[in-house]
Amino acid sequence: MYALRNLFQNMQQYDLPADEIKTMLPEVVNELTYTTSLMENLLQWARSQMQADSVKPQLIDVSGLMGEVAKLLRLQAAAKKIKVEAEGREGSLAYADKDMINLVLRNLLSNAIKFTPEKG
């Protein structure tokens with residue numbers, strides 16, 4: 001959100017040419033993607049807190065879920081030139097609430113990307 005605000009402020013203050021704005025856009029998109037992911041995590045957590053009695057355990061494919069999370073956060077990783085590999089034994093199953101495990105995996109990977117230096 002800050003990146004978007006700064007872009008608009010710079011456009012307003014300095015009357016930036018179109019080609020200079022285009023060079024700033026990829027960074028703004030990456031920041032918005034990251035922010036959107038964080039907001040989704042927060043909303044998911046809030047929903048789970050409000051519905052504490054609605055845990056829905058089921059048999060889930062853990063390695064498949066890991067792949068989905070890695071795919072979701074690939075732009076965030078690419079922005080820092082970090083290679084993410086989701087390696088899990090195919091057919092690894094767990095009996096758990098899929099939404100909660102998804103939230104945990106997203107938080108773990110998001111924090112790993114956040115605290116890993118560029119090209120780390």
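**View 1. Residues of H2 that meet H5 in the predicted model.** Tyr34, Ser37, Leu38, Glu40, Asn41, Gln44, Trp45 and Arg47 are the H2 residues in this contact. Facing them from H5 are Asp99, Leu103, Arg106, Asn107, Ser110 and Lys114. By class, the contact of H2 with H5 holds four nonpolar, five polar and five charged residues.

**View 2. Crossing of H2 and H5.** Two packed helices are described by the angle between their axes and the distance between the axes. Here H2 spans residues 18–50, and H5 spans residues 98–115. Their axes come within 10 Å. The crossing angle is roughly 145 degrees. The crossing of H2 past H5 is left-handed.

View 3. Arg106 has a relative accessible area of 8%. Arg106 therefore counts as buried, the cut-off being under 20%. Neighbours within four places in sequence are set aside here; Arg106 then contacts Ser37, Glu40, Asn41, Val69, Leu72 and Leu73. Of these contacts, Ser37, Glu40 and Asn41 are in H2 and belong to the contact of H2 with H5.

View 4. With neighbours within four places in sequence left out, Leu4 is in contact with Val28 and Leu32. Leu25 lies 21 residues from Leu4 along the chain. The C-alpha atoms of Leu4 and Leu25 are 8.8 Å apart.

Definitions and conventions: Residues are numbered from 1 along each chain as its sequence is written. This is a predicted model: local features need pLDDT of at least 70, side-chain atom pairs count only at pLDDT 80 or more; totals for chains, interfaces and linings use all residues. Side-chain values use heavy atoms; hydrogens and water are left out. Axes are lines fitted to C-alpha atoms, for helices over the stretch in contact, and angles run from 0 to 180 degrees between N-to-C directions. Helices (H or I, at least four residues) and strands (E, at least two) are DSSP runs, numbered from the N terminus. A crossing is left-handed if the near helix is turned anticlockwise from the far one by less than a right angle, and right-handed if clockwise. Contact means heavy atoms within 4.5 Å. Ala, Val, Leu, Ile, Met, Phe, Trp, Tyr, Cys and Pro count as nonpolar, Asp, Glu, Lys and Arg as charged, and the others, Gly among them, as polar. Buried means under 20% relative accessible area, exposed over 50%, partly exposed in between (1.4 Å probe, protein chains only).
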